[in-house]
Amino acid sequence: MAKVYNWQLGRYMEYWYEEVRPRKQMAAVFDINKCIACQTCTMACKTTWTSGKGQEYMWWNNVETRPWGSFPMGWDSKLLNLLGPQEWVNGIYAGKTIFEAARPGERVLGNLPIDMDWAYPNRGEDETNEPIDEAKYYFSMPHSIWTFYLARVCNHCTYPACLAACPRTSIYKRPQDGIVLLDQQRCRGYRECVRACPYKKPMYNHETRISEKCLFCFPAVEQGNWPRCMRSCIGKIRMFGSIHTPDNIDPENPIDFLVHVKKVGLPLYPQFGTEPNVYYIPPIHVPATKFLQQMFGPNVQKAQETYNAMRNGEDPELQGILMLNVSTDRIFSKFRVTDKHAIGFDDNGSEVVRVNLNEPKVVRPFYDPKLGVYRHNIT
Amino acid sequence: MKKIVLIAVALVALVSLSVLVYGIEARQAADVVSIRVSDALPVTDPHSQLWSKATEFQLPMGSQTIIAPVKPAPSVPYIQVRSLNNGTHIAFLITWADSTKNDRTVKIDEFRDGSAVLLGPVGEMAVLAMGTATIPVNVLHWKADWQADIDTGFQGVESAFPNFWVDMYPNVIGEPPYTLPGNFSDAAKLYLPGWKVGNSFSQPLKVTSVEENRARGFGSLATEQSQGAIGRGIWENGQWSVVIARQLHPSDNEDIQLISGEKYSTAFAIWDGASGDVGARKSITALLTLYVQ
C-alpha cells in the first residue's frame, strides 16, 4: 500500500496505488435543499445509457429518500456496520478508511449486494425519520421530523475503490478530466469493483456478464457540455465543473467556491477514504445531528449556517453561484456576481451564461377587466 | 511502487516455490505425464474409455495467497488429472469433487465453476506468477457457464428471472421475449457494450467452453486473438469431469509449442462458484512439470 494525501480527511492514508492526481478533475455540487426527487436525472441517464438488455435493474443515477431509502438496499449502512464506529478529531479523520480496514488478503473493505438488494430503488420514498404526529413540526427550523432526497451518481473518486480492487486494471482514471471508466474489453466480470465501491455504482450486466458504470457522460464533457443527468435537473440543484485541491484554489471557479471557499459543498461519506468528487450542500431543515455528520463529515453545521446566511440575503455571491445551477448546457470554469446578475465564463473568458440574481416579481390582479376573466392560482 | 510491490511479492513466492519445485524435481522426473496414443483424442468426452490409457495423477490443491484478493483455503483438497496426446493434439482430463453445479453467471452473486491449465517453459519459476514480460504463459480456462450456453443455449436474463418481462429494447427486432443474438440487430448491439466490443465473456454464441489466454504477469491475462482450444465438462454425482484440449503445435505465435519428449511447467486451478471463487480467488496446485511423451 502507498501513502497518499486525502484532503477530505486532513491526513495521509493508505491506498493500493501511489498518488497520481489527474491534470483536471471534473466534479459536481448537488444542493439537497432544492431536490424534489422528480427523478428526471434518473430517467435522463436511463434512456441514455442503460436501456439495453441486461441493464434493466441499473440506475447509474438514482435519487433515494433519506433516512430510509437506499439503492442498492443498505449500501451505506452495511459498510458502516462493517467499518464500525470511527471518529473525527478536530476536523481530522482519526478512524480507518475502507482501504486501511481491508481484511488480510483483500484490497478494500467491501461487500457484494445480492440481486434482491437492487430490486427496491424507491424503498423508503418520502418516509420521514419518525411518524408524523400532531405537533406542527414544520413551524421551526430545523424540523424535528424530516426527510430529504439524495441524488447519487458515481463520485469519480480521486482514490477509487473500484479501481484499486480490480486485479486486472480494467478500471482507469483519465488524466485529462479524472473521469473513472471501466474498459469493456478488459473486464472479465469478477465483480471486485461491485464489491469494493462503497457507493455501489459499478453494476454487473446480466446479459454481457461483465460490469459497467457511470461515465460522467464523458462524450459530452469532451465537447464542453454537462452530463445528461446534470443538465436535465429541473430543480436546478446541480453545479458541474472542475475542482482543484485546497492548496490550489481558484475562487472564481464555481466548484472551488462552493467546496473550498464557502465550504457548503461537502463530500458524501468522506470517511470511506475515496475522496469522492460529487459534493452535497446539506439540507438545512434537518438537524445537524450524528446522522448528517456521519453522512457528510464534521462540517455540516457550519455549512448549514453559511447557507442560512445566504438565504437571509447576507451572501449575494453564494446566492449568485447557486442561481447559475443548471443554467446552461455548457461547462463554465469561472463566474462573477454583479448587483443584478450572475455570469458564467468559459476557459477563454467568454461569457457562457447570464442569469438574474433576483427574478422579477409580477403580481397579476385577481380580476382582469380587459379580458373579463378571473385568474386563479396564477402569478 | 505497485511494480516494486508486485516484483517483491513475486520474488518471495518464487523463492518459496523454487524450494518446493526442487523437492518435486528430486522426487520424480515429472509430476504429470501426457501419454502418447495413436487414437483420435476424446476431446469432448470425459467418459471415454481411452482415458484409461492415461496415468491418473492426484494433485493436492492449495490456497492462492500470492496476490490480493486471496483465497485463504482451497475449495477442494485435491484433483485428479490425466493427459493424453496423439502427436497433433494434447488433452487433459481434470476431475474434482463439487457438491454444487454452478453453471450460470446471470445474477450478480452467481459465480461459475471452472478449471484451468497453465502452461509455460520448464524451469521458469515466474510461470506460477502468471509469467513475466519476457516469459509469457498460456492459460486454458474451461468455464461451466460457457459449457451450459453451448449445451442448452445462451442463458439470458430470463433464465435467472423466469417472470421477467420487457416491452422493448432500442432497435430490437421481433416480439418479446427478445433473446440474444437473433432479435438484436447491429444497432441493438450498441446497448450491450461488452458484446459490441468483442469481449469473449459477452458473446451469446459460444463456439467453445475453453478460452485460450496469454499472460505476462499478475493481472495481465488476456483472451488470445486466435482461439483453438476445445473441451467439455460434465457434472455428475457431485463431481466435475472436464476435458481441456488444444493443438500441440498451434500456428499462432501466442501459444507455447508442446514438443514430444520435452518438459514444461504447468499448474492447475479450480474455481468453486458456490464459494464465490472468481479471478484470483481460486484453488491452485503447486508449480509442476509436465512431460509430453
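## Pairing of E13 and E14 in chain A

A:Pro267 has A:Tyr279 of E14(A) as its bridge partner. Strand E14 (residues 278–281) of chain A runs antiparallel to E13(A), and two bridges join them. In this predicted model, local features need pLDDT of at least 70 and side-chain atom pairs count only at pLDDT 80 or more, while totals for chains, interfaces and linings use all residues; side-chain values use heavy atoms, without hydrogens and water. Residues are numbered from 1 along each chain as its sequence is written, and chains are lettered from A in the order in which they are written.

The open sheet in chain A has four strands in the order E12-E3-E14-E13, with mixed pairing. Strands count as paired if DSSP finds at least two bridges between them; strands (E, at least two residues) and helices (H or I, at least four) are DSSP runs numbered from the N terminus.

## A:Asn6

A:Asn6 lies in strand E1 (residues 2–6) of chain A. Its relative accessibility is 0%, so A:Asn6 counts as buried (under 20% relative accessible area, with exposed over 50% and partly exposed in between; 1.4 Å probe, protein chains only).

The A:Asn6 side chain reaches the backbone nitrogen of A:Gln8 at 2.9 Å. Beyond neighbours within four places in sequence, residues in contact with A:Asn6 (heavy atoms within 4.5 Å) include A:Arg11, A:Met13, A:Tyr159 and A:Gly273.

## Helix H2 of chain B

Helix H2 (residues 144–152) of chain B has as its buried residues B:Ala144, B:Asp145, B:Trp146, B:Gln147, B:Ala148 and B:Asp149. Among the elements that cover them are strands E6 (137–143), E7 (210–215), E9 (230–236) and E10 (239–247) of chain B. After H2(B) comes B:Gly153, with a positive phi near 100°.

## Interface of chains A and B

In the interface, 50 residues of chain B are in contact with 39 residues of chain A. The buried area is about 3800 Å², with 53% from carbon and sulfur atoms; this is the accessible area (1.4 Å probe) that the two parts lose on being put together, summed over both.

Six salt bridges are found across the interface, a salt bridge being a side-chain nitrogen of Lys or Arg within 4 Å of a carboxyl oxygen of Asp or Glu. B:Arg281 forms a salt bridge with A:Glu106, with the closest N and O atoms 2.7 Å apart. On the side of chain B that touches chain A, E6, H2, helix H3 (157–160), helix H5 (193–196) and E7 of chain B each supply at least two residues.

Conventions
A polar contact is a pair of N or O atoms within 3.5 Å; within protein, one must be able to donate a hydrogen and the other to accept it, and residues adjacent in sequence count only if both atoms are side-chain atoms.
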